[in-house]
Every structure is written in C-alpha cells, then in structure tokens.
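Keep the 3D view open as you read.

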Amino acid sequence: MHPLDDPQTYLRLDPQGMADLVARFPAMGADAWEAALRLQPPPGPLSAVVILGMGGSGVGGDLLAALLRPVFPLPVAVIKDSRVPGFVGPQTLVFACSYSGNTEETVNAYKAAKQVGAPAVVITAGGLLRELAARGGDPVVQVPPGIPPRAALPYLFLPMVGALRHLLPRTDLLGEWAEAHAVLEDLGGQLGRDVPADRNAAKQLADRLVGRLPAVYAATSDLAPVAYRWKSQLNENGKVLALWHSFSELNHNESVGWEDRTLAQRVAVVLLREPEEEPELARRIAATREVSFSAAASVSEVIARGKGRLARLLSLVLFGDFVSVYVALLRGVDPTPVPPIDEIKRRLRG
Ligand code: F6R
C-alpha cells in the first residue's frame, strides 16, 4: 500500500491533524466569507491600501494584491517589515494581519501606521495587536484560535476581499466567491487523504518532489504569490528548501542558473498554469522547458481551476497545501511543528 493511503501514516506522523486542516480549507473559507460580509471598512476617501503581515499571515496580502491588481482603482502594497513606507497616511487603509497578534514586525508596523493617522482593520486571533486595536478603536476581525497561522489562510485573507467589495462595484465578488467555494470543495474531494494515490494528483506530485529541490514557477506574475505560498508551505510543512519564481521575469535571470546541470538534475519543477493562456506565453514556457529545464529531475504542471481570479488563485493554493503535507509525510516528518520559527522568535524576545 502507498504510505499516503495508509491511515497509520497519519496517526503516527500527523497527530495535530495538518492534513485535516488543509481539507477544511473550503469550510473555513465559507465561515470567513460570512464574517467578511459583515465588515465595514473605515469611511472616508482612500488613496492606497497597505497590508502588514509576516509569513503565513502575510501571504494573504500577496494574494489580495494579485487579485486586485487588474481591477482595483488604488495602489495596493504588502509590507513585510517593521516600518511603513513614506506614502502611508490618513488616506491609507491598513490591514494589520497577525495570527498570534504578537509578531514583532507587524505590531511595530501597525504602531507606525497609527502614528501617521492611517485607518486600520486588524485581523488576528488575539495578542498585543488585538489589545492595541481595542484601545485605539480599530475594527478587529477575530480569527478562531488554535490553528497554525499558515493553515488559517482563509480567515486571514478573505475578510480583506470582503471589506473592499464596495470599492469594486463592477466586480461580482459574491459570484467569484461562490464559484471559488464550489471549485475548492470539488478539489478537496479529489486530493484528500482518503483518495488513493493512483487517483490523487497531489499525492503523485508529492512522490515526484521528495528527495529533490522543488522549483515552483508561476506562469504569470498574477500567480506569483501562489508560487510563493507553495514554497513557504513546502518549507514549513514539508521541512524542505524550495525555489520559486514567475514568468516572464525568470527568463531574465533564473533560466541561466539551470546551466549548472549537476544541480539541475536534483531539481523538480512545478509549473503553475492558467487554463487558457496567450499563445505567446505557451510558446515562452515551451521554450524554457527545452532550453533550461531539459536536465531537471521532472517537470510537472498544475492548472488553475475555475473562471474567476479568486477560484484560480485559491485552487492552486489548496493543491499546493495538500502537496506540502504529503511531502512531509513521505519524508517521515510531522507537518505541524515549526521549531526554527519558534526558536528564533524566542531568542529575539530575549
Ligand atoms: C506558522 C506560520 C508562520 C507565522 C509567522 C508570523 O504557521 O505560518 O509563518 O505566520 O511567523 O506569525 P503570526 O502569523 O502569528 O503573525
């Protein structure tokens, strides 16, 4: 029996249930979306939107920026730092996202944004950030406790989408979420732990990645944050190094790095693609496969599902989340604990 089809694997290696948390992504999304629709963004004219957040709490900002870029009338910036850029001021809507509410960079950046008078929405399960928001009267989106931050992505990301819906009157965000939810449920039914490896594309892909250096490449810059999410999930769940990049920028640097064929043979490429692509892009990817990836250990493709941007982004995120957990289990490690993250935070707290 394939180890990922054996219930003992999950009992032994996943006692905190990361595989189940990933499977709950669509249900968490539905829950988070309801809360999102109740959220009223601060009134007043806006000139920019800024998202503060690190690691698993910051990737929702990356996804938001990618989702909004083609349609949103204002600039959107994601800040993974203790400081905020000089343009932040009273007309900048700030989302401060930290699952724990105690991440130093996010707390400091939130304080800096408040000092220059920015209206803010805080998305957190508690901690210092919730206290500061309560003191300052900023709205708080309460994230349920007891989930590793990276597994709580729907709660950290979707409230921001909901809060901005009034600024996007021509985009049917309600319809986009309805489609995304249906796509996620469908995908969950195809990739979950109960679906055997011979019919489960996420388990099959994990088999190709184990023992290799995964390189996750997004076909477009709109999908780049998903490649970054795959990398981060492979790091945190799978406990492996991983590369990520996106077309066409990678053709201007990383495609040359593939000339070291000794290392290239150890790299397993994953291409994240759109269901319909411009012929020019398809030709670009085909050319890169021939010129650069010919020595790779493998080249796999995962195609986004759905018609709307939200479905496409989230379907690729969910696929990667499953793969990262399966990589952990195939490597014989527990996907949940992240001791190096905890240890570095502990040392810096002194
Ligand atoms: C842990 C995880 C980390 C944290 C990051 C920031 O599951 O994903 O990347 O998200 O260390 O911590 P929080 O989310 O508490 O602000």
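The shell of residues around the ligand divides into 5 nonpolar, 6 polar and 3 charged. In this count Ala, Val, Leu, Ile, Met, Phe, Trp, Tyr, Cys and Pro are nonpolar, Asp, Glu, Lys and Arg are charged, and the others, Gly among them, are polar. Before going further, please note that this is a predicted model, in which local features need pLDDT of at least 70 and side-chain atom pairs count only at pLDDT 80 or more, while totals for chains, interfaces and linings use all residues. Residues are numbered from 1 along each chain as its sequence is written, and side-chain values use heavy atoms, with hydrogens and water left out.

Which of the 14 residues around the ligand come nearest? They are S57, S98, S100, T103 and R150; a residue is near a molecule if one of its heavy atoms lies within 4 Å of it. Now look at the oxygen atoms of the ligand. G56 takes part through its backbone, where a polar atom is 3.0 Å from a ligand oxygen atom. Taken alone, the ligand exposes 390 Å², and the protein buries 93% of that (areas come from the Shrake-Rupley method with a 1.4 Å probe; for residues, only the protein chains shown count as cover).

Where does the ligand sit? It is in the largest pocket. A pocket here is an open set of points, on a 1 Å grid over the protein atoms alone, where a 1.4 Å probe fits, with protein on both sides within 12 Å along at least five of seven lines. A molecule sits in a pocket if more than half of its atoms lie within 2 Å of its grid points.

Next, find T124 in strand β4 (residues 120-124); strands are DSSP runs of E with at least two residues, helices are runs of H or I with at least four, and both are numbered from the N terminus. T124 counts as buried because its relative accessible area is 0%, where buried means under 20%, exposed over 50% and partly exposed in between (1.4 Å probe, protein chains only). The side chain of T124 reaches the backbone oxygen of Y99 at 3.4 Å and the backbone nitrogen of G101 at 3.5 Å. Polar contacts such as these are pairs of N or O atoms within 3.5 Å; within protein, one must be able to donate a hydrogen and the other to accept it, and residues adjacent in sequence count only if both atoms are side-chain atoms.

G101 itself is in the loop between β3 (92-98) and α5 (104-115), and G101 is buried, at 0% relative accessibility. From G101 to S57 the C-alpha distance is 9.9 Å, with the two residues 44 apart in sequence.

Finally, two spots deserve a look at the backbone. K239, in the loop between α10 (224-236) and β7, has a positive phi near 55 degrees, and K239 is not a glycine. K239 is partly exposed, with a relative accessible area of 30%. The peptide bond from F247 to S248 is cis, with omega near 0 degrees, and S248 is in the loop between β7 (243-246) and α11 (254-257). For context, most residues other than glycine have a negative phi, and most peptide bonds are trans.

Key. 1 Å grid on protein atoms, 1.4 Å probe; cavity = no way out; pocket = protein on both sides within 12 Å on 5 of 7 lines; lining within 4 Å.
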